[in-house]
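Work through the exercises below with the sequence and the coordinates open. Each task is followed by a solution in steps.

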Amino acid sequence: MKKYPYPVVFLVALIFLLFPACTPIVPPPPTELVFRNWEGDISPAILDAFETEYGITVAYLPYESQEEVVAEMRAGKVYDVVVLENQLIPDLVAHGLLAEIDYRNVPNFKNISANFRDLLHDPENRHSIPYSCGTTGLVVRSDLAAEPITRWADMWDEQYAGKVMAWPLSRYLLGAALKSAGFSVNSESPQELEVALQRLIALRPHLILRDWAPAVAAPYLVSGEIIVAMGQADDVVEGRKQQPAINYVLPEEGAILWSDNFTIPAASPNKKAAEQLINFLLRADISARIANETYYWLPNDAALPYINPELRNNPVIFPPSSSLQNAEILLPLSPAGEVLYRQMWERFLALDYERQ
Amino acid sequence: MTSSSISPIAPRQNLYRRVMSAVSLIMLFMTLFVAIGVTNFVYRAEQAAWQTRRIEAGRSAALTIDTFIHEIQNYVMLVGTLDRQYLEDNPRIMHRLLEQNQALLELMRLDREGNIFAVAHRNNAPVLAHIFTIRLSSWFSQARAGQAYIGNLQLSATDEPYIIVAMPAADGGVVAGRLRMNVLWDVVSSSRFGQTGIVYMVDREGNLVAHPGRDNVLQRRSLALRPEMAAALAAPDHEWQGAYFNFEDENVVGFTTPVSGGNWLIFAEISRDETLRLTYQAAAVLGGGVLALGILMTVLTSFVLRRLVLWPLERLRAGVARFGLGELDYRLESERPDELGQLALAFNDMAAHLKQRQERIVQQERLAAVGQLSAGIAHDFNNILTSMLGFAELLRQAPDTPEAVRDDLARIIGPGQRAAHLVHQMLDFSRQSIRRPQPLDLTPLLKEIVRFLERTIPENIRLELEILPGEYQIEADPTQMQQMLTNLAINARDAMATGGLLRVVLSRAVFDGEATCLECHRPITGKWVQITVADTGSGIPPDVLPHIFEPFFTTKAAGNGTGLGLAQVLGIVQQHAGHISIDSREGGGTTFTVCLPPLPGPVQISQAKAAAIPEQQGRGELILLVEDEALVLEASRRMLQRLGYQVLTAKNGREASEIYRDHRDRIDLVLSDMVMPDMEGLALFTRLKQQNPDIKMVLMSGYPLQEKEACLLEEGIVDWFQKPVSFAILAETIGRVLSRR
């Protein structure tokens with residue numbers, strides 16, 4: 001030991017203690033949430049309101065199909081909130097790609113209707129929260145149709161050849177074909193799928209494909225360019241603003257039901273902020289605002305009173321249960337089913353390459 | 001006695017403090033031990049009691065809830081048995097069924113496809129709607145698969161908690177009910193125990209299902225993040241108990257038991273502080289009470305210790321300290337019957353003995369001083385008396401001395417001899433006299449002495465001598481024996497002024513400690529020759545008794561005694577290695593008993609012969625006389641010449657040595673004083689003996705010879721005598737020595 005060991009040790013210790021105190025406190029970098037959803041489903045104004053309230057900015061990145069964003073997630077892309085349909089969720093959960101939601105941060109979950117909780121694709125809603133739902137049916141120009149269009153099979157009616165429109169979404173297009181042939185939208189039977197594919201191949205020359213976007217079919221219907229379109233309530237509501245003859249048909253074989261959910265990818269570094277965003281979007285007024293803008297059927301009980309009475313009473317948006325007797329919701333596929341559907345879809349898309 | 005023995009005691013060495021420290025420590029440890037033991041006992045009892053209460057509360061709540069769920073399930077199952085057609089025909093039936101069970105909010109029957117065909121709900125809007133999601137729901141698919149379903153706690157948009165219960169219906173469809181949660185909440189809310197003990201319920205994930213604090217459930221609070229709860233949550237089918245922090249971060253102890261087949265867990269928990277309240281109280285009460293008791297006991301002990309031991313001990317110490325300071329007449333209190341009383345008694349005895357011892361020592365010192373004094377003056381007195389008596393004798397025997405002068409000379413010689421006798425008595429007493437011990441048979445000696453005594457004591461005193469049969473040979477100086485008996489007889493005579501019996505008994509005695517020697521204060525043991533001199537006189541008063549052997553102590557009127565008689569007796573007895581004891585009662589006479597050591601067997605007894613004074617015995621033999629006192633030298637020279645000897649004189653040893661060297665062949669005898677300034681008689685003898693190994697030398701001394709000197713006598717000094725030198729002794733001794741040639 002040297003002569004004055006203790007003061008020296010003390011000074012050194014003091015310097016080390018004071019050092020962190022002297023360093024400037026760096027404020028945490030502002031959180032930016034990356035939010036993947038259908039284009040136009042949530043307006044920028046709503047996200048601005050969230051930013052104002054929570055100080056968290058949201059980068060809204062629309063996708064063209066959910067299969068696309070799922071592939072990106074599998075490839076390691078990092079997102080914070082991703083809207084996914086029911087059928088995509090179990091596989092992602094099985095692969096550990098979705099985070100478990102901490103419901104202490106999402107008290108507004110109570111707004112979700114009992115009918116949408118604890119569903120088979122995600123028991124007890126561990127990884128997903130229902131956000132919107134709806135029916136996919138046929139939007140028609142009733143005035144231009146020779147006979148009342150009531151079934152999926154009417155898309156194959158020769159008198160509408162070239163005036164039929166659909167989204168290039170595999171589950172929906174194959175689903176419609178399966179339904180038109182009297183099969184389930186969730187069928188994994190190769191024979192039935194083969195039948196459906198052959199029907200689509202037969203339809204292809206008369207079919208106009210347009211990527212999904214809000215009310216993408218409406219202008220075509222208004223102009224009369226298209227008489228029958230695969231569509232949703234938004235197409236109907238937007239189209240009718242210019243052409244009252246546009247009507248919504250829930251096909252007799254059964255409409256295709258869909259349900260979108262908020263999920264948080266396991267890779268998200270901002271899980272809590274993501275949960276705050278989800279909670280914000282589940283708020284009764286916010287949720288109603290979305291519905292008022294998108295004409296979606298909401299699984300949010302608390303939001304119902306805030307929805308425009310006009311929309312609330314519109315059976316196109318909120319169809320009566322009786323009209324949904326044969327409706328089927330898209331269910332998750334088995335791995336073999338996934339492969340089968342992909343093969344079918346590739347064969348369908350191959351037609352376009354052959355033509356070129 | 002040194003002062004340190006009574007100086008204040010240092011605090012650390014203070015017996016009281018040390019004992020009290022030890023007692024306090026023992027008390028402290030004992031009380032601590034008891035307090036800890038009892039607290040521990042209370043702790044165990046309290047914990048056991050609270051554990052029982054937790055388990056009771058938990059199991060009771062679990063039983064209630066299980067019963068409730070079971071009843072609901074039974075009820076729902078009953079609804080499931082009803083015929084579809086019947087229900088469709090009578091839509092009111094479902095409503096009545098719902099009304100009958102207050103716990104149900106909704107009740108519905110569904111077909112195999114999930115279509116509702118009979119439904120009833122309470123006033124508020126139905127929560128479950130007849131839409132496509134029914135087929136996708138867990139409750140439907142599970143019940144449809146044949147299993148009972150009990151859902152987790154759900155919260156409606158209006159904050160109404162509910163649970164969905166679904167059962168397979170008899171027709172293969174499903175019967176479902178939505179269950180009011182308040183009932184379960186009431187169960188747990190009413191299951192409080194203690195002040196903070198609550199019962200609540202969580203699902204398998206640890207999320208609250210029912211809790212007395214309703215908001216905790218509404219806020220979806222959860223125990224899932226508590227690591228210590230992992231064990232309980234990991235085995236929801238088993239009971240568990242332990243300590244943990246609940247979701248409000250309170251330190252609690254809890255008990256869990258599964259409910260509803262492991263769907264939920266009942267928690268019965270209570271704050272740890274409450275379960276320790278009694279323990280804390282016990283610790284506080286015991287800590288305080290036991291401490292107080294300990295202090296009380298310490299104080300009591302202190303008091304008892306002081307009262308019983310320390311104060312008496314202090315008094316004892318103070319008393320003994322007084323002994324130490326010489327107050328040997330002081331007596332300690334010794335009434336106590338205990339050890340301290342006995343100690344006090346022992347100290348008192350010790351003080352008494354010390355007192356006796358001290359008195360004895362004082363007496364002995366006094367006797368020793370007197371002896372020293374006697375011996376000191378005896379030398380000078382003897383020289384004085386030698387010359388005085390010598391010249392008086394010479395003058396009296398001179399032929400030309402007139403008859404009238406002779407009578408006067410006799411009057412000088414008489415007192416002179418008395419003075420010499422007095423000196424002799426003092427030397428006897430101080431054991432400094434020159435003894436001539438010899439084997440002696442006491443029988444004839446005693447008879448002779450008694451005959452002599454008969455002439456000297458008055459006629460009103462009868463003298464008896466009794467000699468018991470036995471051997472009475474001893475080693476003794478006959479002159480001293482006579483002196484001793486004479487002194488005792490004179491004392492007896494004086495004690496019997498009005499007459500009486502003086503009885504002298506000679507006997508053999510064997511003692512075994514029954515008598516005590518007056519001089520050495522030791523018990524007399526062994527075989528002794530015993531001479532008893534008993535009178536019937538006035539006896540010796542007790543206050544006088546201790547002093548009777550003191551020289552010059554006398555009760556007789558001045559002039560009637562010197563006070564040396566008994567002192568001389570004592571000295572003689574001691575010189576003969578004997579003992580003396582006394583038995584005296586005031587008015588009952590006095591008995592002196594002298595014990596002398598007997599000789600082992602019969603010996604040849606030489607008879608002492610009275611010497612006659614020769615007129616002229618010398619035949620001109622040459623004697624060298626050495627004496628430093630001029631008068632003594634002259635008297636002795638004249639006496640020797642009168643006896644017919646030629647005399648050479650020397651005033652000191654050196655001169656004597658020179659004279660002897662010059663006239664060695666002619667000198668027949670050297671007569672030398674023992675004590676001289678330049679050269680002791682013995683030194684002179686040693687020197688002269690170098691010149692002539694066959695030298696004859698006689699020593700005369702005012703002092704008795706010491707042991708060493710007595711040994712040297714054997715080497716050539718043929719005899720010696722004590723001053724003052726009387727004509728008779730001088731003549732007899734010189735004659736005897738010279739005739740030995």
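**Exercise 1.** In helix 16 (residues 653–662) of chain B, how many residues apart are B:Glu658 and B:Arg654, and what does this separation come to in helical turns?

Solution. The structure is a predicted model.
Step 1: B:Glu658 and B:Arg654 are four residues apart in helix 16, so about one helical turn separates them.
Step 2: Side chains of opposite charge can pair when their charged atoms come close.
Step 3: The closest N and O atoms of B:Glu658 and B:Arg654 are 3.8 Å apart. The cut-off is 4 Å, and the pair forms a salt bridge.
Step 4: B:Glu658 is partly exposed at 34% relative accessible area, and B:Arg654 is partly exposed at 49%.

**Exercise 2.** Which salt bridge does B:Arg638 form, and how far apart are the closest N and O atoms?

Solution. 
Step 1: The partner of B:Arg638 is B:Glu634, with the closest N and O atoms 3.7 Å apart.
Step 2: Both residues belong to helix 15 (residues 630–642) of chain B, where a spacing of four residues puts about one helical turn between B:Arg638 and B:Glu634.
Step 3: Relative accessibility is 36% for B:Arg638, which counts as partly exposed. B:Glu634, at 27%, is also partly exposed.

**Exercise 3.** Which residues are linked with B:Arg462 in a network of salt bridges?

Solution. 
Step 1: The network joins B:Arg462 with B:Glu464, B:Glu466 and B:Arg503.
Step 2: Over all chains, a search of the whole structure finds 38 salt bridges.

**Exercise 4.** Where in chain B does pLDDT stay under 50?

Solution. 
Step 1: One such stretch is residues 1–5 of chain B, for which the model has three contacts beyond four places in sequence.
Step 2: Another is residues 606–612 of chain B, with two contacts beyond four places in sequence.
Step 3: By element, mean pLDDT in chain B is lowest in helix 18 (residues 707–713), at 58, and highest in helix 4 (residues 138–144), at 93.
Step 4: Chain B averages a pLDDT of 81, and 91% of the residues score at least 70.
Step 5: The model scores ipTM 0.81 and pTM 0.58.

Terms used:
Residues numbered from 1 in each chain as written. Chains lettered and ligands numbered in written order. Predicted model: local features only at pLDDT ≥ 70, side-chain atom pairs only at ≥ 80, totals over all residues. Heavy atoms only, no water. pLDDT = per-residue confidence, 0-100. Helix = DSSP H or I, 4+ residues; strand = E, 2+ residues; numbered from the N terminus. Contact = heavy atoms within 4.5 Å. Salt bridge = Lys/Arg side-chain N within 4 Å of Asp/Glu carboxyl O. Buried < 20%, exposed > 50% of the residue type's maximum accessible area, 1.4 Å probe, protein only.
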